[in-house]
Amino acid sequence: MSSDTGNSANFWHLADYDEAFWTNYLAARPNYDANGFYDLLYAYHDAHTGRYDVAYDVAGVFATRFKRVIASDKNDAHLTAAKKLHGHLPNIEFQLCPGEDVALGIPAASCDAVVCAEAIPLMDHERALDAFARVLKPGGTLAVWFYGRPIFADDGDDQASACQEIYGRLFTAAAAKVVEAGGPAFRTGWKAATDVIASELDAVGFPASTWRDVERRKWNTASGGGGKMEFNDALPDVPIDRPSRVDPSREQTTHIRDATFWAERWDVGQVRNFVQALLPTAGHAQLDQDPELRGLFAELTEAMGGESAKRQIAWPVVLLLATRK
């Protein structure tokens, strides 16, 4: 696998397909369908148009519910991974296209739903939402979600907070090394994405002229007394800002605290895999050989109770739902 850290603004870009990386990535990310999450999307969609003819899926697959799904990614290696995972489905087609440009290859007002999972901070979100609006039918559903840093969520366990603090230092240290290796454009792209994540997606605005029935549902996020969305804390010369374009007069924000949301039990190896999946440009060698990171992983291993000890992991998650006028 190769990546293009360099001076690219796209910090999460794999130049070549690597099956081992994608196997790890899929194992390390949470299970989106846990806790009836997709049912929430379908319930919102049913309350508006309820049509299941065409879905444009920027990051996941809804081919079991929609008659036709168009799945896209801007990266050929990422699309290859999607084809290997879902290419056997007869009603899904794949398109190499940035999310901001979906309207160039899809007829206007042709989609009943647009779905964008774990990708909006990596986009020019204003351009992307404009493109999504153009391909959606009136009454069509937009669903956008993003999960943040894992939360050590064992109830009544004093070690959970210790593990959380060490994890924060660990990922921030790893992120600093990746950012340091990149050029100015890379750093700019990193900051732009981190700001959107840290805002709990409040930086993503829904103009009243285009969108209605906007809902922001937040599980376990800092603004609701939970964990941080941003994966790293502020880096030297890369401060974190939290812009907001929320319109409280026409949008509904709901906070949910649920330590079982997308919950899993992880050992330290799975934490390592997660860090690697989120920082593909870091490479396994950096995580395994860098003295600072080795020390932090050793510290986390001890706090978790050893190599084989498992701790409950939950997630801060933000789901944005909106209907095209």
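Two strands pair if DSSP finds at least two bridges between them. Strands (E, at least two residues) and helices (H or I, at least four residues) are DSSP runs, numbered from the N terminus.

This is a predicted model: local features need pLDDT of at least 70, side-chain atom pairs count only at pLDDT 80 or more, and totals for chains, interfaces and linings use all residues. Residues are numbered from 1 along each chain as its sequence is written, and side-chain values use heavy atoms, with hydrogens and water left out.

**Overall.** The protein chain holds 10 helices and 11 strands. Of its 325 residues, 54% are buried (under 20% relative accessible area, 1.4 Å probe, protein chains only).

**Sheet.** An open sheet of 3 strands runs in the order β6-β10-β9, with antiparallel pairing. Its edge strands, β6 (151-152) and β9 (264-266), each pair on one side only. β9 joins β10 (residues 311-314) over 3 bridges. Within this part, Glu-264 has Ile-313 of β10 as its bridge partner. Helix α8 (residues 268-278) packs on the sheet and touches β6 and β9. The direction of α8 makes about 100° with that of β9 (axes are lines fitted to C-alpha atoms, for helices over the stretch in contact; angles run from 0 to 180 degrees between N-to-C directions).

**Ser-199.** Ser-199 sits in the loop between α7 (184-198) and β7 (211-219). Ser-199 counts as buried because its relative accessibility is 5%. Its side chain makes these polar contacts (N or O atom pairs within 3.5 Å, one able to donate a hydrogen and the other to accept it; residues adjacent in sequence count only if both atoms are side-chain atoms):

| Backbone atom reached by the Ser-199 side chain | Distance |
|---|---|
| Val-196 oxygen | 2.7 Å |
| Ala-203 nitrogen | 3.0 Å |

Not counting residues up to four places away in sequence, Ser-199 touches Lys-218, Arg-242 and Pro-243 (contact: heavy atoms within 4.5 Å).

Terms used. Buried < 20%, exposed > 50% of the residue type's maximum accessible area, 1.4 Å probe, protein only.
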